[in-house]
Amino acid sequence: MDLLDRFRGCFLGLAVGDALGMPTEGYTAQEIREKFGIVSEMVAAPQGHFHSGLMAGQFTDDTEETLLLAESIIESSGFSPEGFVGKLTAWGTAWTLDERLNRGVGFVTRSAVESMIAGTPWQQSGLSIPTCGAAMRTAPIGLLYHPDINVVKSYADLQSLPTHASATARAGAVAVAVGVALSAAGLPKELVFRNAASQASRLDAEFAERLLWVASLLDLPPEDALSLIRTSPLAMETVPAAFYCFLKFEPKDALIAAASSGGDTDSIASIAGSLFGAFIGASWIPESWLAALEDKERIEDAALGIYRLFSSVCH
């Protein structure tokens with residue numbers, strides 16, 4: 001398969017998953033069924049929702065942070081913590097001045113970015129709260145460095161530290177980056193999954209055990225499995241839920257299930273979308289999703305930039 005298609009698929013899969021899950025974020029699975037039915041197309045955030053004002057196909061901070069990471073990598077010709085932190089603080093300064101620009105930034109990322117803006121060095125700004133903010137944005141690391149899993153692990157961990165310093169949050173970031181890397185390399189799903197857990201175990205053994213546990217739930221009805229895994233913004237839940245969707249479903253159905261699962265729907269769907277995109281390219285993404293997707297050109301440019309950097313440097 002064309003490697004550029006895997007890179008495009010990863011970025012576009014992540015963004016459409018984020019946009020599909022955006023309006024349902026924070027509701028329970030039952031509330032989603034009552035308010036939306038089956039979430040199979042892009043819809044606007046409802047009135048009174050914390051994403052209220054975002055239209056169908058618009059994405060959240062999940063995609064924004066992924067693009068900031070990718071664009072910092074492209075500008076620095078490789079991952080640079082200082083380059084990424086520069087992007088984060090410029091972005092944070094913008095939403096400090098205009099709250100509408102923050103797109104649902106989580107407490108941990110918001111606090112860390114505000115701390116860095118105030119002058120705290122990035123090595124000390126991260127919070128020890130185990131949410132999934134570092135995991136949801138780490139896909140570009142997995143793509144660019146996919147031939148060397150040790151580099152993927154190191155840089156996925158390093159990009160986590162400015163905002164998310166807890167071992168569990170860092171393990172979640174490593175699991176997603178390694179999952180994307182091995183998917184891009186063409187490994188079978190089972191090997192992708194087990195190696196992602198193995199690399200994450202070096203940072204948090206309990207997280208890795210919980211991730212591996214989802215394989216035992218594949219014979220259950222999906223709503224029962226996702227109810228057991230749980231879907232809060234904790235990395236211990238969001239990342240296993242996304243890998244469950246990757247293992248259990250075909251790609252379109254995986255994102256619909258993730259967007260309907262309750263809790264941190266946009267993060268679960270975006271991580272699952274990044275895994276599927278790296279695994280099989282972009283051909284599975286429905287045209288109606290792509291037609292509605294915000295800033296598609298910027299997303300494609302990021303994918304192409306990371307691919308060109310891989311071709312010129314990392315290959």
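**Entry 1: Glu99 and Arg110**

I started with Glu99, which is partly exposed because its relative accessibility is 45%. This is a predicted model, so I read every value below as computed from that prediction. Which residue does Glu99 form a salt bridge with? I found Arg110, with the closest N and O atoms 2.5 Å apart. I then placed the two residues in the chain. Glu99 sits in the loop between helix 4 (81–97) and helix 5 (107–117), while Arg110 belongs to helix 5. They are 11 residues apart, and the pair links distant parts of the chain. I also looked up the accessibility of Arg110. Its relative accessible area is 21%, so Arg110 is partly exposed. The cut-off for buried is under 20%.

**Entry 2: Asp157 and Arg170**

Next I checked Asp157. Its side chain meets that of Arg170 in a salt bridge, 2.6 Å from N to O. This pair, too, links distant parts of the chain: Asp157 lies in helix 8 (residues 149–160) and Arg170 in helix 9 (residues 167–184), 13 residues apart. Is Asp157 buried or exposed? I noted Asp157 as buried, because its relative accessibility is 12%.

**Entry 3: Lys296 and Glu300**

I turned to helix 17 (residues 296–314), which holds both Lys296 and Glu300. They form a salt bridge, with 3.8 Å between the closest N and O atoms. Why are they about one helical turn apart? Lys296 and Glu300 have that separation because they are four residues apart in this helix. In an α-helix there are 3.6 residues a turn, so residues three or four places apart point the same way. Lys296 is partly exposed, at 30% relative accessibility. For the whole structure, my search gave 13 salt bridges.

**Entry 4: Helix 4**

I checked the length of helix 4. Its 17 residues should span 24 Å at 1.5 Å a residue, and its end C-alpha atoms are 24 Å apart, so the two agree. Which residues of helix 4 are buried? I listed Pro81, Phe84, Val85, Leu88, Thr89, Trp91, Gly92 and Trp95. Viewed down the helix axis, these buried residues fall within an arc of 165 degrees, so they line one face of helix 4. On the other side, I noted Ala90 and Leu97 as exposed. I then asked what covers the buried residues of helix 4. The cover includes helix 3 (61–76), helix 5, helix 6 (122–125) and helix 8. Two of these names were already in my notes: Arg110 is in helix 5, and Asp157 is in helix 8.

Notes. Residues are numbered from 1 along each chain as its sequence is written. This is a predicted model: local features need pLDDT of at least 70, side-chain atom pairs count only at pLDDT 80 or more; totals for chains, interfaces and linings use all residues. Side-chain values use heavy atoms; hydrogens and water are left out. A salt bridge is a side-chain nitrogen of Lys or Arg within 4 Å of a carboxyl oxygen of Asp or Glu. Helices (H or I, at least four residues) and strands (E, at least two) are DSSP runs, numbered from the N terminus. Buried means under 20% relative accessible area, exposed over 50%, partly exposed in between (1.4 Å probe, protein chains only). The expected span of a helix is 1.5 Å times one less than its number of residues. The arc is that of the directions from the helix axis to the C-beta atoms. Contact means heavy atoms within 4.5 Å.
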